[in-house]
Amino acid sequence: EPAAMLAAPGVVGLLADAMHEVMEAAAVPAGMRLVPLDLALCLIAAAPDLDLRYERLYGYLQDDLTRKRPAIDLMANLLAATTEERLALAARFEAAASLRRHGVMEPSGDNTQPWLARGWRLDALWLNRLVGRAEPDASLAGCARLVTPSAAGLDDSYEIYHGVHWT
């Protein structure tokens, strides 16, 4: 991976700084080791959920108004200047990479599209945390609830993703 791509230069740095502040507010566990590039990718992927105008913008940039979520190709076009940087960015979406391993990002929509063209989104639980909604993903609402570590009598080092308690 090109060190420059992970070290937050230019646009990646600006997006990473913005997302870092949001993620700190959401108490994202430090052990996840998200690099500045991961944070920039999270912000790009979350944008349509925060402002619907990004759906139209992403469709326009991808030359297909039905594609409302950012694809790896679009994110690489926005953030990478070289082939080496594009490959490093694409590697952040592999199953073993932090974004996928910790369930922060997930593919969106049609699995028949080529990998580079497939849309990506922030996981619903992570999006809820980022926007200040203290609720689990809708699919878990009937069987789980989120509690803060302090409300559960746990110390502050207890990580958020352990805060899901089955009812």
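**Exercise 1. Identify the residues with the most contacts inside the largest nonpolar core, and state which elements supply it.**

Step 1. The largest nonpolar core has 28 residues. A nonpolar core is a set of buried Ala, Val, Leu, Ile, Met, Phe, Trp, Tyr and Cys residues joined through side-chain atoms within 4.5 Å; buried means under 20% relative accessible area, exposed over 50%, and partly exposed in between (1.4 Å probe, protein chains only).

Step 2. Leu 41, Leu 89, Phe 93, Val 104, Met 105 and Leu 122 have the most contacts inside this core.

Step 3. At least two core residues come from each of helix H3 (36–50), helix H5 (72–79), helix H6 (83–91), strand E2 (119–122) and helix H8 (124–130). Helices (H or I, at least four residues) and strands (E, at least two) are DSSP runs, numbered from the N terminus. H3 gives the most, with 9 residues.

The model is predicted: local features need pLDDT of at least 70, side-chain atom pairs count only at pLDDT 80 or more, and totals for chains, interfaces and linings use all residues. Residues are numbered from 1 along each chain as its sequence is written, and side-chain values use heavy atoms, with hydrogens and water left out.

**Exercise 2. Describe the aromatic pairs.**

Step 1. The count comes to 2 aromatic pairs. Rings of Phe, Tyr and Trp (its six-membered ring) pair if their centres lie within 6.5 Å; planes under 30 degrees apart count as stacked, over 60 as edge-to-face and the rest as tilted.

Step 2. Tyr 54 and Tyr 58 form a tilted pair, 5.9 Å centre to centre with 55° between the planes. Both lie in helix H4 (residues 53–61), 4 residues apart, about one turn of the helix. Tyr 54 is partly exposed at 34% relative accessibility, whereas Tyr 58 is buried at 4%.

Step 3. The ring centres of Phe 93 and Trp 120 are 4.9 Å apart and their planes are at 50°, so this pair is tilted. Phe 93 lies in the loop between H6 and helix H7 (98–101) and Trp 120 in strand E2, so the pair ties together parts 27 residues apart in sequence. Both Phe 93 and Trp 120 are buried.

**Exercise 3. Determine how H3 packs against H4.**

Step 1. The axes of H3 and H4 are 6 Å apart, at an angle of about 125°.

Step 2. H3 is therefore oblique to H4.

Step 3. Ile 44, Ala 47 and Pro 48 of H3 meet Tyr 54, Glu 55 and Tyr 58 of H4.

How values were computed:
Axes are lines fitted to C-alpha atoms, for helices over the stretch in contact, and angles run from 0 to 180 degrees between N-to-C directions. Angles under 35 degrees count as roughly parallel, over 145 as roughly antiparallel, 65 to 115 as roughly perpendicular and the rest as oblique. Contact means heavy atoms within 4.5 Å.
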